Amino acid sequence: MTSSAIAPIRPRALRPGSTLAILSPASTPKPDLVDHGIAHLRSLGFKTQLGAHALDSGPLYYAGSLEDRLHDFHLAFSDPAIDGVVCTRGGWGSAELLPYLDAGLIRANPKVFVGYSDHTSLHCWLRNEANLVTFYGPMVAADFSREGGIDIASWQHSLQGDASWSVGIAEGLRVLKPGFAHGQFTGGCLSIFVEGLGTPYSARMDTSSILFLEDIGTKPYQWDRMLLHLRYSGLLERVTGIVFGDMHQCVTPEEFDFLHRTILHALRDFAGPIAIGLRSGHVGVSNVTLPLGIQAKLDLTETGNPQMHFLEAAVTV
């Protein structure tokens, strides 16, 4: 086990010409969307290598058997020709891999890993067991396949080694509760976070942290229930600030006020600042890439100018 007090392992930066493995650790993607997404990545100057089982269909909704998905994952990290991994889509299935992942292999071959939604469990495992900085960001079939599906500025800031950059109103950030917080940025899909509680694969907060949470198809009472679960679990004890994602995939704009009041009710005893609207993960517009595992500060002291600043490079140049 690693400790968050130890400096995280940063993968190598991506550059035009870097080779990306395109993998499906969870559910089966649509081949035509994968093709469109790969074409977009290549237009940005990347080379791609499609995992042997990335387009497999079955068993059930999985992109291949557990053994096949595990093989693709390990091969991508062990192959010196691969510079990073970008997932095709989420769905369900990543958690099946967790007991069988080779931490030693991944620690010896740290690489960029990009995905969201169901891949929250992989982000948590890679942080807990390999101390690796990872990236909650756009996927091949879900985002790179869409016109305007990528926030290119945050993709480049995150993966090319910028040591100081910010997100704010332009990326959807709004203030729910003012204040200032500093900590290690972490987070993911709320429902996957909650499902991990009580297992060996739960997210860990070993140091002061800023927590990002987003989801899809989640109603206000479900946000209330899962946030209460996080509170009761003790997971929020070292959280200094919370940032929620864009909520258009959860409720209609007419329900935003009710959702905001629900969140503030669920977190009424939380002392830190709270933001909402950050456009990362399940979004219908350009998807913001967020580095998980580096230091950040959340400045919500001015309602009209919310800012989250990333304070160090997420990759080595």
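**Strands, cysteines and salt bridges in a predicted model**

Cys 87 is buried, with a relative accessible area of 0%; here buried means under 20% relative accessible area, exposed means over 50%, and partly exposed lies in between, all with a 1.4 Å probe and protein chains only. The structure is a predicted model, in which local features need pLDDT of at least 70 and side-chain atom pairs count only at pLDDT 80 or more, while totals for chains, interfaces and linings use all residues. Residues are numbered from 1 along each chain as its sequence is written, and side-chain values use heavy atoms, with hydrogens and water left out.

With a disulfide taken as a pair of cysteine sulfur atoms within 2.5 Å, the count comes to zero. Cys 87 is in no disulfide, and the nearest cysteine sulfur, belonging to Cys 189, is 14 Å away. Cys 124 counts as buried because its relative accessibility is 11%.

Cys 87 leads on to strand E3 (residues 84–87). Helices (H or I, at least four residues) and strands (E, at least two) are DSSP runs, numbered from the N terminus. In a regular strand, side chains alternate between the two faces of the sheet. In E3, Gly 84 and Val 86 point one way and Val 85 and Cys 87 the other, and all are buried. Pairing between two strands requires that DSSP find at least two bridges between them. E3 runs parallel to strand E1 (residues 19–23), to which four bridges join it, and Leu 23 stands opposite Cys 87. E3 also pairs with strand E4 (residues 112–115), in the parallel sense and over three bridges; there, the bridge partner of Val 86 is Val 114. From E3 the chain passes through helix H3 (residues 103–108) to reach E4, in a right-handed β-α-β crossover. Right-handed means that, with the strands pointing away from the viewer, the path from the first strand over the helix to the second runs clockwise.

Strand E8 (residues 180–189) is mostly covered, with eight of its 10 residues buried. Five bridges join E8 to E13 in an antiparallel arrangement, and Phe 180 has Asp 299 of E13 as its bridge partner. With strand E9 (residues 209–214), E8 runs parallel and is joined by six bridges; the partner of Cys 189 in E9 is Glu 214. Asn 305 counts as partly exposed because its relative accessibility is 36%. The C-alpha atoms of Asn 305 and Val 175 are separated by 8.7 Å, although these residues are 130 apart along the chain.

Side chains of opposite charge can pair when their charged atoms come close. A salt bridge is counted when a side-chain nitrogen of Lys or Arg is within 4 Å of a carboxyl oxygen of Asp or Glu, and a search of the whole structure finds eight. One of them joins Arg 10 and Glu 312, at 2.5 Å from N to O. This pair links the segment before E1, which holds Arg 10, with the segment after E14, which holds Glu 312, and the two residues are 302 apart. Both ends are partly exposed, Arg 10 at 21% and Glu 312 at 23%.

Asp 151 and Arg 279 form another salt bridge, at 3.5 Å from N to O. Asp 151 sits in the loop between helix H5 (140–144) and helix H6 (152–160), and Arg 279 in the loop between strand E11 (274–278) and strand E12 (290–292), 128 residues apart. Both Asp 151 and Arg 279 are buried. Arg 231 and Asp 269 also meet at 3.5 Å, N to O. Arg 231 is in helix H8 (residues 220–233), while Asp 269 lies 38 residues away, in the loop between helix H9 (256–266) and E11. Arg 231 is partly exposed at 26%, whereas Asp 269 is exposed at 61%.
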